[in-house]
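Here is a walk through one chain and the ligand that sits with it. Have the structure open beside you and follow along.

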Amino acid sequence: GATIGILGGGQLGRMLSVAAARLGYQTHIFEPDANPPAAHVAHLVTTASYEDAEALRSFAEQVDVITYEFENIPTSALDILETLRPIRPGREALRVSQDRLTEKEFLQRLNLKTAPFAVVDTREDLSAALDSIGAPAILKTRRFGYDGKGQARLKSADDIDNAIADMAGAPALLEGFVDFSREVSVIAARGATGEVACFDPGENVHRDGILHTTTVPATLSAGQRMDAVLLATRILSELEYVGVMGVELFVTAQGLIVNEIAPRVHNSGHWTQNGCAVDQFEQHIRAVAGLPLCDGQRYNDVVMENLIGDDVDNIPQILRETQSALHLYGKTEVKPGRKMGHVNRVQIKPS
Ligand code: ATP
Ligand code: MG
Ligand code: MG
């Protein structure tokens, strides 16, 4: 059978590997860290740095197609890999989403709404940006941010010095604070032949900058649900995207505002494991392997809750819940803020 190469061995790589195995594929993980979550379920693991050209070449030669579980893959590594095997989703999606500025410019080019923003490299830039955008606002590093890391909130101009210090010289973007009523995300997939299938939008609640729960169905009108799915479809089509993407949205009285896009399977799509016949991980593997997609139909209401740090203490109780599916990532060391697993609580409809 074919072998799928996955860049990144975290929980997303692990769940992609499980889905690939179910479809009869082998997976080969490339991951700098020793003993990553995906290593327990993948067929092959290369532990090497993204600077190691020889390791990258050898990895590529052992797989049929390359995909990834995170967006911050160094450009130099992609340059080597792409000469040897197809990379799906393609490089344009990575180029656009690796920097919050290129991402916002791309979204604006599609006439999609974003938070007002301004580039901030210096204290003077921040002061001017805050004057024009207004407080409250959020300063975010342009690159490498996740789980709310690399962000500073500004309530007023008094916070400028602290916010600049938090960026530690990294190029940043100031975003106006969006007064949203809720946050939702669309997990969308586009196949190798261009068909798009979206899962039902999920409603997301964050705690300390980290996703806490995703609930389906989201509280949205039929029109908002349609808008969400249509705008996600436009993003994937414009990028000629192949694979699953997470599109994070703010719901406001003025319509949907795109917060950010993630060119990979997404934490807010974990509910699909127990709400759909084909989950986001299988959907992604289908797309990158050139198989037909499933339609994304949902058969259950689900609340997904992340198990972060000490939340693992609740596992004995969760195991006693009769309609809860527990998904653990095999991480041995518990750390505050570390995603250890998640639970999908389903509401089975009486027949
Ligand atoms: P992820 O782990 O999803 O990649 P991230 O570190 O890239 O997270 P964002 O998604 O930019 O962070 O922000 C995290 C959360 O902070 C958002 O889901 C939202 O709740 C809040 N937030 C971010 N930007 C804004 C904004 N401009 N206005 C209001 N709230 C915001
Ligand atoms: Mg992000
Ligand atoms: Mg986000």
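## Domains and ground rules

The C-alpha centres of domain 1 and domain 2 lie 34 Å apart. The chain is divided into domain 1 (3-87), domain 2 (116-176) and domain 3 (182-347), with bounds that come from an automatic or database domain assignment.

A quick word on what you're looking at: this is a predicted model, where local features need pLDDT of at least 70, side-chain atom pairs count only at pLDDT 80 or more, and totals for chains, interfaces and linings use all residues. Residues are numbered from 1 along each chain as its sequence is written, while chains are lettered from A and ligands numbered from 1 in the order in which they are written.

## The annotated stretch

The unreviewed UniProt entry carries the annotation "domain: ATP-grasp" for residues 104-289. UniProt positions follow the numbering used here, feature names are shortened, and annotations may be inferred rather than shown by experiment. Over residues 104-289 you get 27% helix and 33% strand, with the end C-alpha atoms 30 Å apart. Helices (H or I, at least four residues) and strands (E, at least two) are DSSP runs, numbered from the N terminus.

## Around ligand 1

Which residues are closest to ligand 1? Out of 17 residues surrounding the ligand, they are Ala 115, Gly 145, Tyr 146, Glu 175 and Val 178. To be near the ligand, a residue needs its C-beta atom, placed from the backbone, within 6 Å of it. By type, the shell splits into five nonpolar, five polar and seven charged residues. Here Ala, Val, Leu, Ile, Met, Phe, Trp, Tyr, Cys and Pro count as nonpolar, Asp, Glu, Lys and Arg as charged, and the others, Gly among them, as polar.

Domain 2 and domain 3 each put at least three residues into that shell. As for strands, strand 6 (137-141) and strand 14 (255-262) each supply at least two.

## Helix 6, one face in

In helix 6 (residues 123-133), the buried residues are Leu 126, Ala 129 and Leu 130. Seen down the helix axis, they fall within an arc of 100 degrees, so they line one face of helix 6. The arc is that of the directions from the helix axis to the C-beta atoms. Buried means 20 or more other C-beta atoms within 10 Å of a residue's own, exposed means 12 or fewer, and partly exposed is in between, with C-beta atoms placed from the backbone. An α-helix has 3.6 residues a turn, so residues three or four places apart point the same way.

What do the buried residues of helix 6 pack against? Their partners are strand 5 (117-120), strand 6, strand 7 (151-154), helix 7 (160-167) and strand 8 (172-176); two residues are in contact if their C-beta atoms, placed from the backbone, lie within 7 Å. Glu 124, Asp 131 and Ser 132 are exposed on the other side of helix 6. After helix 6 comes Gly 134, with a positive phi near 90 degrees.

Helix 2 (residues 53-61) has Leu 56, Phe 59 and Ala 60 as its buried residues. Looking down the axis of helix 2, these sit within an arc of 95 degrees, so they line one face of the helix. They pack against strand 1 (3-7), strand 2 (26-30), strand 3 (44-46), strand 4 (65-68) and helix 3. On the other side of helix 2, Glu 54 and Glu 61 are exposed.

Asp 52 is in the loop between strand 3 and helix 2. Asp 52 is partly exposed, with 17 other C-beta atoms within 10 Å.

Two peptide bonds deserve a look. Arg 88 and Pro 89 are joined by a cis bond, omega about -5 degrees, and Pro 89 is in the loop between helix 3 and helix 4 (91-97). The bond from Val 216 to Pro 217 is cis too, with omega near 0 degrees; Pro 217 lies in the loop between strand 12 (210-216) and helix 8 (222-238).

Then there are positive phi values in residues other than glycine. Phe 144 has phi near 70 degrees and lies in the loop between strand 6 and strand 7. Is Phe 144 buried or exposed? Phe 144 is exposed, because 12 other C-beta atoms lie within 10 Å. Ala 168 has phi near 50 degrees and sits in the loop between helix 7 and strand 8. With 9 C-beta neighbours inside 10 Å, Ala 168 also counts as exposed.
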